[in-house]
Amino acid sequence: MAVLKDHEQEDGPTRDEPSGGKPVVGDFYDLVTDFCRSASGTEALHKGYFDGPADPAPLAQAADRLTRLIGERLRLGPGTALLDIGCGSGQPARLLAEETGCAVTGTDIAVRQLATAQRRAATTQHDGRLVFHHAEATALPFPAKTFDRALMMEVLTHLPDTPGPRGKGAALAQAARCLRADGLLVLADLMHLPARLGSGPEPAEVPSMHVSTPERLLTLLDAAGFDPVGVEDLSEQVRPTSPRACRAIDEQRQPLTNTYGEAAVASMTALMEELARAEYELGYMVITAAVRTTRGGRPASIEREQASAGPVTMSSS
Ligand SMILES: C[S@@+](CC[C@H](N)C(=O)[O-])C[C@H]1O[C@@H](n2cnc3c(N)ncnc32)[C@H](O)[C@@H]1O
């Protein structure tokens, strides 16, 4: 299994210009998703919320706790239109739709994950409140002001911090464009926090990641037309996630080997250990931001970016 490094995204093929017909980051997630679900018992591909290192909550429960916390920050309710950018296999979308009554449109570039999300949506009772589209975060195929809320859960880390049409700033501008005047955006992600630098073991190289800082993200949010509403440091609460994932793989080594083979188990073990080591040095923040309204309405930069095409529905395979 390939472990993608930073330079492979910056200099190599981009998500818009796929290598071998498929986007690079999406490929990676399509490869690891089934394995992660088998090991962790959930299709959520994000961190869990633990009350402390001794909290015995299973990974799936801890992941859903984090989703619920984010749902609260998004102030969701029946009828709220939520755009989940980088939705993965749709576990957060399903949970939020089920528990709050909101309608979720999920987008991602990982084709197999989207197919899973669509399959699950078809077998759950959400009255058509769950739809999924194949879309790059920097090129969302929705008309302006379509959604009340937007979520990017551990997605921005995969976009370069550099200015340009494929960077974090471009994705935030797209989110702003798609939100209505009173819209809210929540970002949840790993971040570099200065306080922890040098306090632990040498950081490992994190695969396919462009980890940012809260300051940098607040600057990018400002440029995209958002005002911060809340900045929360959940570093301690999410830090047990990767070590628990390592343990889960270890405890299920034999069945995982039977299903995925020895090489995949060895590769995923190495990846999780590397992540656990790297994340010891990293923080995790949840940033809530509101679309900035100006005297005449929304910032001109957002009004300029009008969507040209309607949504492209992802076909099941
Ligand atoms: C860590 S997973 C999180 C998935 C989901 N948000 C969750 O919490 O379960 C990151 C997701 O971001 C998606 N992703 C990465 N870069 C993207 C991009 N440029 N546009 C859209 N999705 C992207 C990946 O395919 C993957 O599904």
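Predicted model: local features only at pLDDT ≥ 70, side-chain atom pairs only at ≥ 80, totals over all residues.

Colleague: Which residues of α6 are buried?
Modeller: A residue is buried if 20 or more other C-beta atoms, placed from the backbone, lie within 10 Å of its own, exposed if 12 or fewer, and partly exposed in between. Helices (H or I, at least four residues) and strands (E, at least two) are DSSP runs, numbered from the N terminus. In helix α6 (residues 168-178), 11 of the 11 residues are buried, so the helix is largely enclosed by the rest of the structure. The buried residues are K168, G169, A170, A171, L172, A173, Q174, A175, A176, R177 and C178.

Colleague: Which residues does A175 touch, apart from those up to four places away in sequence?
Modeller: A175 is found in helix α6, and with 29 C-beta neighbours inside 10 Å it counts as buried. Two residues are in contact if their C-beta atoms, placed from the backbone, lie within 7 Å. On that basis, A175 touches I85, A150, M152 and L185.

Colleague: Are α10 and α11 parallel or oblique to each other?
Modeller: Helix α10 (residues 253-260) and helix α11 (residues 262-280) have axes 7 Å apart, at an angle of about 125°. Axes are lines fitted to C-alpha atoms, for helices over the stretch in contact, and angles run from 0 to 180 degrees between N-to-C directions. Angles under 35 degrees count as roughly parallel, over 145 as roughly antiparallel, 65 to 115 as roughly perpendicular and the rest as oblique. The two helices, α10 and α11, are therefore oblique.

Colleague: Which helix gives the largest share of the shell around the ligand?
Modeller: Of the 23 residues around the ligand (C-beta atom, placed from the backbone, within 6 Å), H46, G86, G88, A110 and A137 come nearest. At least two residues of the shell are supplied by each of α2 (24-40) and α4 (91-100). The largest share, three residues, comes from α2.

Colleague: What is the phi of R75?
Modeller: R75 lies in the loop between α3 (59-74) and β1 (81-85), and it is partly exposed, with 15 other C-beta atoms within 10 Å. Most residues other than glycine have a negative phi. R75 is not a glycine, yet its phi is positive, at about 50°.

Colleague: Is G128 buried or exposed?
Modeller: G128 is found in the loop between α5 (111-122) and β3. With 7 other C-beta atoms within 10 Å, G128 is exposed.

Methods. Residues numbered from 1 in each chain as written.
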